Amino acid sequence: MCNYQTWFQADEDVYVLQCVECNTYQLRIRNTAFMFDPPEFKKFFDIVNGLYERIKLGKNEGPVIIPAFNDGIDMLLKTDQLISLYHLLDAADTEMRTAKMTGLF
């Protein structure tokens, strides 16, 4: 049974968790939850980050499809939804990096 560490929670039903035993990540956005193993989560974050950078450069062409690595389920997001997802993942990443850095002392 998983024991989750909350990395970032933007709302009651919008958050990023990680199991402290098996390292599985859970991303919850409203009524949908996605599970990722660590390499998939990193790849997912990199995809979202790359799409966010395209938005910042003004190269966004409308809604985007992002693979969620969950049995063929993909995410279809409008620009504002992608930006919100990026900020959620970025805040969680910042918390994870901070915890890792403080663990060194």
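The chain exposes about 6800 Å². Carbon and sulfur atoms supply 52% of that area. Accessible areas here come from the Shrake-Rupley method with a 1.4 Å probe, and for residues only the protein chains shown count as cover.

A word on the source. This is a predicted model, where local features need pLDDT of at least 70, side-chain atom pairs count only at pLDDT 80 or more, and totals for chains, interfaces and linings use all residues. Residues are numbered from 1 along each chain as its sequence is written, and side-chain values use heavy atoms, with hydrogens and water left out.

Now the whole chain. Of its 105 residues, 33% count as buried. Buried means under 20% relative accessible area, exposed means over 50%, and partly exposed is in between, with a 1.4 Å probe and protein chains only. The C-alpha trace spans about 45 × 30 × 25 Å along its principal axes.

Next, contacts, meaning heavy atoms within 4.5 Å. Take those between residues at least 6 apart in sequence: 37% of them join residues at least 24 apart.

On to the elements. The chain has 2 helices and 6 strands. Helices (H or I, at least four residues) and strands (E, at least two) are DSSP runs, numbered from the N terminus. Their order from the N terminus is β-β-β-β-α-β-β-α. The radius of gyration is 14 Å, close to the 13 Å that the globule rule gives for 105 residues, so the chain is as compact as a globular protein of that length. That radius is taken over C-alpha atoms, and the rule is 2.2 Å times the number of residues to the power 0.38.

Now the sheet. In what order do the 4 strands of the open sheet stand? The order is β1-β2-β3-β4, and the pairing is antiparallel. Two strands pair if DSSP finds at least two bridges between them. The edge strands are β1, residues 4–11, and β4, residues 32–36; each pairs on one side only. From one strand to the next, the twist averages 15 degrees.

Strands of a sheet pair through backbone hydrogen bonds, either parallel or antiparallel.

Walk across it with me. β1 and β2 pair in the antiparallel sense over 6 bridges. They form a hairpin, with 2 residues between them. Asp11 stands opposite Val14 in β2. Move on one strand. β2, residues 14–19, is joined to β3, residues 25–29, by 5 bridges, and the two run antiparallel. Val16 has Leu27 in β3 as its bridge partner.

Which strands does helix α1 touch? Helix α1, residues 38–56, packs on the sheet and touches β2, β3 and β4. Its direction makes about 120 degrees with that of β4. Helix α2, residues 79–102, also packs on the sheet, touching β1, β2 and β3. The direction of α2 makes about 140 degrees with that of β1. For these angles, axes are lines fitted to C-alpha atoms, for helices over the stretch in contact, and angles run from 0 to 180 degrees between N-to-C directions.

Some single residues now. Start with Gln18, in strand β2. Is Gln18 buried or exposed? Gln18 counts as buried, because its relative accessibility is 11%. Leaving aside neighbours within four places in sequence, Gln18 is in contact with several residues, among them Trp7, Asn23 and Met96.

Asn23 sits in the loop between β2 and β3. Its phi is near 70 degrees, a positive value in a residue other than glycine. Asn23 counts as partly exposed, at 37% relative accessibility.

Arg30 lies in the loop between β3 and β4. Its phi is positive too, about 55 degrees, although Arg30 is not a glycine. Arg30 is partly exposed, at 42%.

Ala33 is in strand β4. Ala33 touches Gln26, Leu27 and Arg28, not counting residues up to four places away in sequence. At 45% relative accessibility, Ala33 counts as partly exposed.

Last stop, Leu104, in the segment after α2. Leu104 is exposed, with a relative accessible area of 67%. How far apart in space are Leu104 and Met75? The two are 36 Å apart, C-alpha to C-alpha, and 29 residues apart in sequence.
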